[in-house]
Amino acid sequence: MSLETLSVPQLELEAVIGFNGHVFSGLRVHPDREHLIYPLGCTVILKRIKDGKQEFLHGHTNNVSCISVSKSGSYIASGQVNFMGFKATVIIWDYAQRKIYAELLLHKAKVEALAFSPNDKYLVSLGGQDDGSIVVWNIETKQAICGSAASSQSSGHCFTVQYSNTNDNIFVSAGSGTLRVWELDLPNRKIWPTECETGLLKRIVKCMEISDDDQFIFCGTTSGDIMKIILSTRRLRDCGPNKKKYSLGVSALRILTCGHLLVGSGSGAFTLCSSTNFKTLKEVQLVKGVTSIATRGEGQQFFVGTEAAQMYRFSYEDFKAELMSTNHNNAVKDVAIPFAISELFATCTEEDIRVWHIDKPIELLRITVPNITCNSLGIMADGHSIISAWNDGNIRVFAPESGRLMLIIHNAHRMGVTAIAGTRDCRRIVSGGGEGQVRVWELQHQGHRLLETMKEHRASITCIKIKSNDKECVTASSDGACIIWDIVRFVSLQRMITNTLFRTVCYHPEEYQIITSGTDRKVAYWEVCDGSAIRELEASQSGAINSMHITQDGKHFVTGGDDRLVKVWDYMAGAVTYVGIGHGGSITSVKICDNNRILVSTSADGAIFRWKFPHPPSS
């Protein structure tokens with residue numbers, strides 16, 4: 001966390017919509033059988049299965065890359081990625097206290113995998129390909145015991161590590177052309193590897209499971225088959241299935257107490273197969289590749305996470321997929337909260353628009369337009385329509401309850417529609433395009449009419465805000481200009497120019513000032529009447545400000561940008577009053593609901609965070 005935010009109080013995080021489905025084995029079930037554990041950005045989330053209540057573990061400074069839970073359930077370990085040349089932290093969390101138990105710092109750039117010993121004595125950590133080392137840590141003393149290069153010089157990178165289920169001194173590592181059983185020699189503080197003999201079989205192992213009795217190691221490979229190794233002799237026993245291999249490789253494995261294997265593939269196939277001959281017993285096709293399988297208790301129920309950021313629940317008996325939660329799996333472009341209604345909000349991303357319930361964050365509606373990206377959206381003041389800007393140059397208007405396409409304005413802009421806003425009387429739409437034109441459209445009972453095209457910007461329009469009387473609007477553009485327009489006479493009234501690519505603009509509620517921000521990392525205040533600059537604030541130490549929103553009373557505003565911090569500012573004092581930490585990607589949009597109760601922020605990693613807004617509305 002930067003020095004500028006160390007002394008500032010933190011925002012209270014109320015709920016998160018999101019799941020990083022790209023972390024292999026990132027979804028876990030705690031041994032208490034009541035909580036799911038999974039990563040999102042810099043945060044580890046504990047979600048109660050019964051009612052969906054969330055708790056958050058904050059401590060990482062960058063995206064969480066792996067998670068492990070100890071057999072007793074006393075500890076959770078999580079590793080992160082970091083920038084090249086910097087060390088990546090492993091945090092051991094005390095589960096009962098929900099606090100950091102230890103921070104372990106040795107690996108460079110990334111922690112690839114983690115595993116606890118069966119009696120919670122040791123933790124083994126595996127570094128990423130820029131680090132390439134395995135380290136064994138003593139959990140009680142919080143110190144490293146010993147370390148070694150994860151694979152020999154002749155073999156490739158290591159991807160996964162798994163501890164024995166009965167012996168605290170034995171663990172296994174696997175990766176590209178490498179499969180090693182390690183023994184911990186505690187008196188000499190050494191770990192000794194033994195290469196497993198796989199004969200002529202050369203495989204890249206992405207996931208691994210060891211049977212409960214430590215007899216066999218099962219290795220899922222990118223070739224779509226499973227290797228079965230005898231742990232005691234370190235030799236290959238079997239490999240299968242022989243005929244129908246798993247498409248796009250085996251990406252997740254779990255052994256059930258009955259001896260069968262749960263297998264997830266890169267193509268989304270999720271199967272139950274025999275551990276003796278690898279024959280498929282049951283199969284279900286899911287959306288995108290399976291990355292996590294977590295069993296609850298004895299394996300009567302299990303949870304599956306996919307690359308599409310979706311979580312499924314299965315029971316062993318019927319083996320049917322029940323969709324538990326859906327999340328965005330790519331950058332959220334914009335968020336909109338209806339005027340004077342604070343129960344719902346809408347988000348847009350590549351291919352779809354989703355409407356969410358704000359209190360219990362569940363998806364209520366999904367509107368999908370294949371192969372096209374929605375750049376911006378708004379909800380009309382009467383709540384009867386969602387207006388959206390798409391990169392194919394069309395404006396689409398949808399019904400918010402059913403998702404029905406009510407209107408499409410074809411070829412609204414030549415280089416895609418980049419910004420959109422609706423007037424308070426719900427009769428007109430103002431849109432901005434990639435070519436820099438601003439167009440005003442009249443909505444009619446049976447269609448639409450183009451009222452005027454205004455051509456003064458020379459680059460894409462990034463943000464449009466309309467004055468409450470529907471007679472003026474302000475547009476921000478990447479050409480370094482902000483223009484206030486008269487949308488009755490269709491002429492420009494004022495032009496604000498500075499050396500930045502403007503990303504966002506807001507009217508003060510009393511509408512005598514506007515605030516702007518962009519790539520120069522500053523928030524600028526401007527007079528509406530003559531376009532003169534009033535003041536500038538240094539809003540970020542690293543990265544552009546992408547979004548800004550101001551409260552109804554005009555006393556506070558919120559910014560979010562590439563520094564991944566949500567900042568609440570006092571408008572008159574120009575000082576940060578609260579900061580929100582947790583996003584793992586650049587913040588793309590921030591919105592405060594009209595009653596000043598909730599703040600919603602979205603980011604480039606697909607996450608949606610709901611914060612408690614700290615300043616209640618003034619009476």
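User: Which residue in β13 is the bridge partner of S133?

Analyst: Happy to start there, with a word on the basis: this is a predicted model, where local features need pLDDT of at least 70, side-chain atom pairs count only at pLDDT 80 or more, and totals for chains, interfaces and linings use all residues. Residues are numbered from 1 along each chain as its sequence is written, and side-chain values use heavy atoms, without hydrogens and water. Strands here are DSSP runs (E, at least two residues; helices are H or I, at least four), numbered from the N terminus, and two of them pair if DSSP finds at least two bridges between them. In β13, S133 has as its bridge partner A149.

User: How many bridges pair β12 with β13?

Analyst: Strand β13 covers residues 143–149 and runs antiparallel to β12. The two form a hairpin with 4 residues between the strands, where K142 takes a positive phi near 65 degrees.

User: What is the bridge partner of Y122 in β12?

Analyst: Let's look at the other neighbour, strand β11 (residues 122–127), which is antiparallel to β12 and joined to it by 5 bridges. The partner of Y122 is N138.

User: Why is β12 described as largely enclosed by the rest of the structure?

Analyst: Buried means under 20% relative accessible area, exposed means over 50%, and partly exposed lies in between (1.4 Å probe, protein chains only). Strand β12 spans residues 133–138 and is largely enclosed because the number of its 6 residues that are buried is 5.

User: Which residue in β37 is the bridge partner of A419?

Analyst: Here we move to an open sheet of 4 strands with antiparallel pairing, ordered β36-β37-β38-β39. Its edge strands, each pairing on one side only, are β36 (417–422) and β39 (447–454). Strand β37 (residues 428–433) is joined to β36 by 5 bridges. In β37, A419 is partnered by G432.

User: What is the relative accessible area of L364?

Analyst: L364 lies in strand β32, residues 363–379. By its relative accessible area L364 counts as partly exposed, and the value is 45%.

User: How far apart are the end C-alpha atoms of residues 53–310?

Analyst: An unreviewed UniProt entry places "domain: EML-like first beta-propeller" at these residues; such annotations may be inferred rather than shown by experiment, with shortened feature names and positions in the numbering used here. The span is 0% helix and 55% strand. Its end C-alpha atoms are separated by 18 Å.
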